[in-house]
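The following exercises concern the surroundings of selected residues. Please work through each task before reading its solution.

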Amino acid sequence: MRFFLHTLVVIFLSCTCIEAQTDDVYTGSPATGDSVKRKSPRNYDWMKKFTYEGNLQLQLSNYTFIYLSPTIGYSPIEKVNFGLGVIYNYISINYGGAYGKVSQSVFGGHSYARYFVTDGFFVQGQYDRLRQPNVYSLNGERMKWVDYLLAGVGFRKPIGERIGLSGTLLYNLTPSPLSIYPSRLIVQFGFMGTF
C-alpha cells in the first residue's frame with residue numbers, strides 16, 4: 001500500500017512539471033473567399049420613417065372624462081406624417097339626487113395628416129369615427145357611428161433622442177349633439193417617438 005501511495009505522489013509531481021506544447025510558430029492567415037461567409041449588417045433605416053404616439057385627456061370630477069388614443073404613423077417625406085390609431089373614451093356624469101350617475105364607453109378609430117412647420121411646431125387635420133351610445137334615438141338604435149372632423153395646431157418638445165412630449169389644440173369642425181368632447185375646442189397631451 002505504501003508503494004502505491006509513493007507511486008501516486010511521484011506521478012502527480014511529475015505531471016505538474018510537464019508543459020504542453022504551444023503553437024507559437026503558426027504563420028498562416030485566415031481563409032478567405034467562399035469558405036467564410038460573413039453576415040451583412042441589417043439595414044433598419046426604413047424603421048426611422050415610422051412613428052408612435054399616444055394621447056391622453058383626463059378630467060375627474062362629477063363629470064369624468066377619460067380619453068386614450070395610441071397611434072402609429074408614417075413619414076413618407078420629411079416634415080409630413082400620416083397616422084392611424086384607436087380611440088377609447090369613458091364618460092361618467094354624476095347628476096346626484098334622483099337622477100343618479102350615467103356612464104358610457106366609446107370606441108373607434110382615427111386618422112390624421114400632420115405637417116411640421118418647424119421641428120417643434122405642426123399643423124394637423126384629423127378624422128375620428130366613433131361608435132357611441134345614441135341617446136336621441138327614436139327607433140331604439142342604442143349605438144351609432146359618429147364622425148368628427150378636427151383641425152388645429154400642436155407642438156413637440158424633445159425629451160430624448162427619439163421621443164418627445166406633445167400638445168395639440170384641435171377645433172371640432174363638425175359639432176353634433178352626440179359629441180363626446182366637452183367643448184368644440186379640444187386640448188390633448190401625449191408623447192411622440194420614432195423607432
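**Exercise 1.** Determine which residues Pro70 touches, not counting residues up to four places away in sequence, and classify Pro70 as buried, partly exposed or exposed.

*Solution.* Pro70 touches Glu53, Gly54, Gly85 and Val86 under this exclusion, where contact means heavy atoms within 4.5 Å. The model is predicted: local features need pLDDT of at least 70, side-chain atom pairs count only at pLDDT 80 or more, and totals for chains, interfaces and linings use all residues. Residues are numbered from 1 along each chain as its sequence is written, and side-chain values use heavy atoms, with hydrogens and water left out. Next, Gly85 is 15 residues from Pro70 along the chain, yet their C-alpha atoms are separated by 5.7 Å. Finally, the relative accessible area of Pro70 is 47%, so Pro70 is partly exposed (buried means under 20%, exposed over 50%, partly exposed in between; 1.4 Å probe, protein chains only).

**Exercise 2.** Find the backbone oxygen that lies 3.2 Å from a polar side-chain atom of Thr64, and state the accessibility of Thr64.

*Solution.* The backbone oxygen belongs to Ser61. Thr64 has a relative accessible area of 14% and is therefore buried. Residues touched by Thr64 beyond four places in sequence are Gln59, Tyr90, Ile91 and Ser92.

How values were computed: A polar contact is a pair of N or O atoms within 3.5 Å; within protein, one must be able to donate a hydrogen and the other to accept it, and residues adjacent in sequence count only if both atoms are side-chain atoms.
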